[in-house]
Amino acid sequence: MKGFQLEGDVLCVADEYTWEVQGKELYRVLRGRVGRSVRSFVFPGRKRLHPDEHAVGSLTISAHSGVGMIVAVGSGTLNDICRFVSFVLGIPYVVVATAPSMDGYASSVSPLLVDGKKQTFPAHVPLGVFASRRVLQDAPSELIRAGVGDMIGKKTALTDWRLSHGRRGEYYCPEVASLMEQAVDAALDSLRSGDGTTAVDVTALMEGLVLSGLAMEYVGSSRPASGSEHHLVHYWEYRLLDAGVEPPFFHGSAVGVATLCIAHCYAFMNARLPDLVSDLGLVPPSPSEVHTLLVSSGLKIRPGRLGIDGNLLHDSIRHASELRPHRYTILQMAREMDLIDDMADYVVSHLGEK
């Protein structure tokens, strides 16, 4: 940020939870150190904040006049809102993270809910991401687990990226892929049998999550960090919201479960077409490897524990690829080979409700 000139007020943005955790203290410190006006905006209520039209509009109204920088104090949803609003207003923003819960801290896009459906909008990366190890360690255990689930998902995302490179000639950067693999290993190596919260090295986890966002920025897409496992989760969220049901899970936690589903998809495809998988040089994570990571981190194993019944699970394997038809993954491969129905049956037989 050398040479950066700030014009206008600083606006600290939080929800009621993150305001108490770190926002109030940060606001006090900034007011004593920044030679200009510091304002605050706190989303009201203790219910889960949604990145929808109401939230975006509320912040835009508060920030549109005289604000030169937004400081987001929070994690996933709050960061998505602040990133988009600051981009639209043409002002910079920074993030003060309160939980190692997701990989979007350094992302240049914002997933928002429009008419109840998730859409991704262009935005910009923050000037900086700041975090206190103490605050991260004290974050709610379910948020830490969500971050772990998001990192587990990189294992199938990277496999899908290699698959698309081999089958479709899509751009693939081995240096970025290697960087992501190292970040995943560092974040997950600290896991040991236990409840999956105190056992996690939150510093390594947070660094891996931030690096995921940088990797996406390096290659100009979410390929290094998001694949078919994310498509399943987006489909689950879409179907639940469309039915008027609040998704009873954090995004990253669902990604962990979806990663196990996709590991089974690769196992199915490897059993049907072993030469094709080996010829492409793919080494997908085995279902047993992903299962062990989920158990060690205290995450759910079966989609049914997230409220995803067998019918919805089957539909998601068959139709989740339609949400991003141009993003080639194992799901598109199964569809083009007329194996998608058999693959869905296979996953449900292993992970459906019992």
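**View A. Asp341 and its salt-bridge partner Arg318.** Asp341 is partly exposed, with a relative accessible area of 39%. In this predicted model, Asp341 forms a salt bridge with Arg318, and the closest N and O atoms are 2.5 Å apart. The two residues belong to distant parts of the chain: Asp341 lies in helix 15 (residues 340–351) and Arg318 in helix 13 (residues 310–319), 23 residues apart. Arg318 is likewise partly exposed, at a relative accessible area of 24%. Elsewhere, salt bridges with shared partners join Asp103, Asp150 and Lys154 into one network.

**View B. The salt bridge between Lys155 and Glu289.** The closest N and O atoms of Lys155 and Glu289 are 3.1 Å apart in this salt bridge. The pair links distant parts of the chain, with Lys155 in helix 6 (residues 154–168) and Glu289 in helix 12 (residues 287–297), 134 residues apart. Glu289 has a relative accessible area of 32% and is therefore classed as partly exposed.

**View C. The salt bridge between Arg133 and Asp201.** The whole structure contains 15 salt bridges. One of them joins Arg133 to Asp201, with 3.5 Å between the closest N and O atoms. Arg133 is in helix 4 (residues 133–137), whereas Asp201 is in the loop between helix 7 (174–188) and helix 8 (202–219), so the pair ties together parts that are 68 residues apart in sequence. Arg133 is partly exposed, with a relative accessible area of 45%; Asp201 is also partly exposed, with a value of 30%.

View D. Gln332 is located in helix 14 (residues 330–336). Its relative accessible area is 10%, so Gln332 counts as buried, the limit being under 20%. The side chain of Gln332 makes a polar contact of 2.6 Å with the side chain of Thr329. When residues up to four places away in sequence are set aside, Gln332 touches Ser321, Arg324, Pro325 and Arg327.

**View E. Met343 within the largest nonpolar core.** The largest nonpolar core comprises 95 residues, and Trp236, Ile330 and Met343 have the most contacts inside it. Helix 10 (residues 251–272) supplies the largest share of this core, namely 12 residues. Apart from neighbours within four places in sequence, Met343 is in contact with Cys265, Phe268, Met269, Ile317, Ile330, Leu331 and Ala334.

View F. A separate core of 13 residues has Val10, Ala14, Trp19 and Leu26 among its members.

Conventions: Residues are numbered from 1 along each chain as its sequence is written. This is a predicted model: local features need pLDDT of at least 70, side-chain atom pairs count only at pLDDT 80 or more; totals for chains, interfaces and linings use all residues. Side-chain values use heavy atoms; hydrogens and water are left out. A nonpolar core is a set of buried Ala, Val, Leu, Ile, Met, Phe, Trp, Tyr and Cys residues joined through side-chain atoms within 4.5 Å. Buried means under 20% relative accessible area, exposed over 50%, partly exposed in between (1.4 Å probe, protein chains only). Helices (H or I, at least four residues) and strands (E, at least two) are DSSP runs, numbered from the N terminus. Contact means heavy atoms within 4.5 Å. A polar contact is a pair of N or O atoms within 3.5 Å; within protein, one must be able to donate a hydrogen and the other to accept it, and residues adjacent in sequence count only if both atoms are side-chain atoms. A salt bridge is a side-chain nitrogen of Lys or Arg within 4 Å of a carboxyl oxygen of Asp or Glu.
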